Every structure is written in structure tokens, then in C-alpha cells.
Amino acid sequence: DSVVNRIAAGEVIQRPVSAVKELVENSLDAGSTSVNVAVKDGGLKLIQVSDDGHGIRYEDLPILCERHTTSKLSKYEDLLSIKSMGFRGEALASMTYVGHVMVTTITKGQLHGYRASYRDGVMENEPKACAAVKGTQIMVENLFYNMIARRKTLQNSSDDYTKIVDLLSRFAIHYTNVSFSCRKHGASRSDVHSIATSSRMDSIRTVYGVSVARNLIKIEASDNDSSTSLFAMDGFISNSNYVAKKTTMVLFINDRLVECSALKRAIEIVYAATLPKASKPFIYMSIVLPPEHVDVNVHPTKREVSLLNLEVIIEKIQSVVESKLRDSDE
Ligand code: ADP
Ligand code: MG
């Protein structure tokens with residue numbers, strides 16, 4: 001039933017930035033080294049994500065946007081050890097219920113690519129042969145055209161483009177071997193432009209600027225003998241010279257961009273206690289845990305995660321952060 005499907009889809013894709021996140025994650029899953037985003041009208045008119053990944057096979061195009069079509073999960077047990085970011089096969093399908101989706105793709109060794117368009121979970125007509133260089137380009141047009149209230153709310157808030165730029169900035173500093181760009185459609189200048197580099201510090205400098213990069217302290221922790229079992233964390237936190245009104249916390253767990261409000265709060269607390277005169281912190285943190293300790297299935301948008309042994313992990317991170325901040329403040 002199309003109304004039910006549309007409501008469900010509106011849950012998965014809540015705003016333009018949620019669509020961009022899903023598309024970029026698909027590009028990363030496809031092994032891309034370059035991901036380029038262009039956006040019109042904050043993403044409501046157009047979202048275009050182009051990559052140079054492995055592409056989509058011709059025979060997979062007809063079912064690509066059916067719900068629960070995923071090439072990433074074959075059996076339930078796989079859920080326990082998900083490596084790639086997608087696993088629900090719901091993102092693309094959802095986009096077709098709340099927008100118009102067009103896919104252009106070419107796989108390795110093919111002479112030409114194919115283009116197909118989708119609506120309400122189905123491919124509209126046979127894929128057409130077309131010129132293509134490498135990888136996949138997905139265009140989502142007129143997002144929420146059939147959800148008047150949602151469209152109105154979003155039209156009045158001009159900050160979705162800002163959210164998209166912020167999202168791409170986060171991906172760019174974690175995936176340092178991938179180049180990212182993000183621009184308004186038609187603009188020659190990119191608002192995020194990262195080139196593949198070997199150094200995290202270089203990419204932070206490129207994306208967030210020198211004023212952030214020069215005020216960062218390296219943090220690191222690992223543990224393989226306590227109850228957390230295999231846990232590794234590395235990242236950066238700002239020193240007392242950094243100034244900001246709001247905390248920026250860029251968190252990747254097992255290479256997935258997530259949020260963990262308990263961890264964020266815990267770090268804000270030690271930060272404020274250790275550097276009482278400092279403003280709010282900038283934090284980039286990458287945590288690696290056994291996949292079965294991470295519950296990423298809490299919500300379709302997969303943002304907030306829950307972790308086994310969260311208290312132990314938080315304590316460990318707090319003590320590392322505290323000692324690094326003290327050292328730097330001396
Ligand atoms: P999921 O990522 O959970 O598998 P999606 O709805 O996001 O589900 O995508 C469905 C499928 O479409 C993916 O499993 C993948 O096979 C294919 N796909 C989507 N985007 C791309 C892309 N940029 N490059 C290659 N394959 C893609
Ligand atoms: Mg996906």
C-alpha cells in the first residue's frame with residue numbers, strides 16, 4: 001500500500017541530509033576513492049552523488065529499489081558481524097517512495113553504462129544504454145514532493161545544505177584515502193573539497209581549517225585484556241586555545257559515522273573539569289570494537305548506537321582524555 005510505504009520511507013529518509021548519508025555510505029561500500037555530491041535547493045530539488053566504485057550489474061537494476069534488496073547481507077548471522085554500512089536494503093527503496101530516483105552506472109570491463117529510473121519501489125522502464133566512465137551516479141529529484149507538510153517545514157529551514165556540508169566534512173576526515181567534494185549544483189566552487197591524503201591531520205586542516213587543526217591533541221587508547229576485550233580508540237581533541245560555542249563530536253565506530261550521546265556527554269564533562277577556562281571541545285574519535293558489541297540496528301537511520309560495555313569504554317576514554325589534556329595544559 002503506497003501510503004504505508006510512503007510513511008515508512010519518510011521515517012528512513014527524514015531530511016535531505018539523511019538521503020545524502022545513505023547515498024555516500026553506498027558509494028563507500030562500493031569501494032569508491034572519489035565521492036562527489038551536488039545539491040539544489042538544500043537537496044529538495046536535487047541530490048546527486050557520483051562515485052567511482054564497482055558499479056551495479058545490469059541484472060541487478062530491475063530489483064535495485066525494491067525493499068530489502070541488499071547485496072550486503074545473505075543470512076541472519078551476518079547481522080552479527082556487519083562490515084559494510086548498509087544492510088537493510090531499505091535506503092534506495094525508501095527514496096523512491098518520497099522522490100524520483102535515477103541511477104546511472106557502469107561495471108568494470110563494460111563498454112557503456114546503463115541508466116534506469118525508479119518510483120514507488122519499481123523500475124519505470126528498461127534500463128537504457130548510455131555513456132559512463134566509472135562507477136555510479138544517483139540522482140534524487142523532488143524529495144518529499146508527495147509529503148506537502150514535510151516539504152513546507154524543510155523549505156522554511158535553509159540549513160539543510162549546511163547539514164550536508166557538515167556530513168561530508170565528517171566523512172572526509174575519517175576516510176582519508178577517499179576524496180570528497182560537495183557543492184551547490186551549478187556552482188564551480190566546492191564547499192567541501194578533500195583530496196585523498198595519508199595524514200588525518202592534513203585532512204582535518206583541509207576540511208576544518210588551520211584554526212582547528214593547530215589546536216588539537218592526539219588521543220589514543222587500546223585494551224585487549226579487560227572485560228571490554230579488543231577495543232581501540234584513536235583521535236584528536238581540542239586544547240584550551242580552541243574556541244567554539246558548541247561541541248563538535250565526529251564519531252566513527254567500526255568505520256561507521258554514528259552518534260553516542262552518553263559518550264559525548266562524558267567527554268564534555270572531563271573536558272570542562274580539566275580545562276575549566278576552555279570553551280566547548282572539538283573531538284574526532286574512531287573506535288574499533290568487535291562487531292557483535294555494537295548494536296547499530298536501533299533505528300532505521302542508524303545514527304545513535306548502543307554498545308556493550310559502554311560504561312567501561314567511557315571510563316577508559318575519560319581517563320585518557322583527562323591525562324592528555326593535563327599534559328598539554330602544563
Ligand atoms: P543497503 O546499502 O542496505 O544494501 P541500499 O538500499 O542502500 O541498501 O542499496 C541497495 C543496494 O544497491 C546495495 O546493496 C548495493 O548492492 C546497490 N548500490 C546502491 N548504491 C550503490 C553504489 N553507489 N555503487 C554500487 N552499488 C550500489
Ligand atoms: Mg545503503
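**Note on helix packing, a buried helix and a loop**

1. Helices α8 and α9 are roughly parallel to each other, since their angle counts as under 35 degrees. The axes of α8 (residues 261–274) and α9 (residues 310–329) come within 9 Å and cross at roughly 30°; axes are lines fitted to C-alpha atoms over the stretch in contact, with angles running from 0 to 180 degrees between N-to-C directions. Helices here are DSSP runs (H or I, at least four residues), and strands are runs of E of at least two.

2. This is a predicted model, in which local features need pLDDT of at least 70, side-chain atom pairs count only at pLDDT 80 or more, and totals for chains, interfaces and linings use all residues. Residues are numbered from 1 along each chain as its sequence is written, while chains are lettered from A and ligands numbered from 1 in the order written.

3. Helix α3 (residues 91–98) is largely enclosed by the rest of the structure, because eight of its eight residues are buried (20 or more other C-beta atoms within 10 Å of a residue's own; 12 or fewer is exposed, and in between is partly exposed; C-beta atoms are placed from the backbone). Among the buried residues are Leu92, Met95 and Tyr97. The cover over α3 includes α1 (2–12), α2 (16–29), β3 (100–106), β4 (113–119) and β7 (135–141).

4. Asparagine 254 lies in the loop between β12 (248–253) and β13 (256–258). Its phi is near 50°, positive although the residue is not glycine. Asparagine 254 is partly exposed, with 18 other C-beta atoms within 10 Å.

5. Aspartate 255 is found in the loop between β12 and β13, and its phi is near 65°.

Methods: Angles under 35 degrees count as roughly parallel, over 145 as roughly antiparallel, 65 to 115 as roughly perpendicular and the rest as oblique. Two residues are in contact if their C-beta atoms, placed from the backbone, lie within 7 Å.
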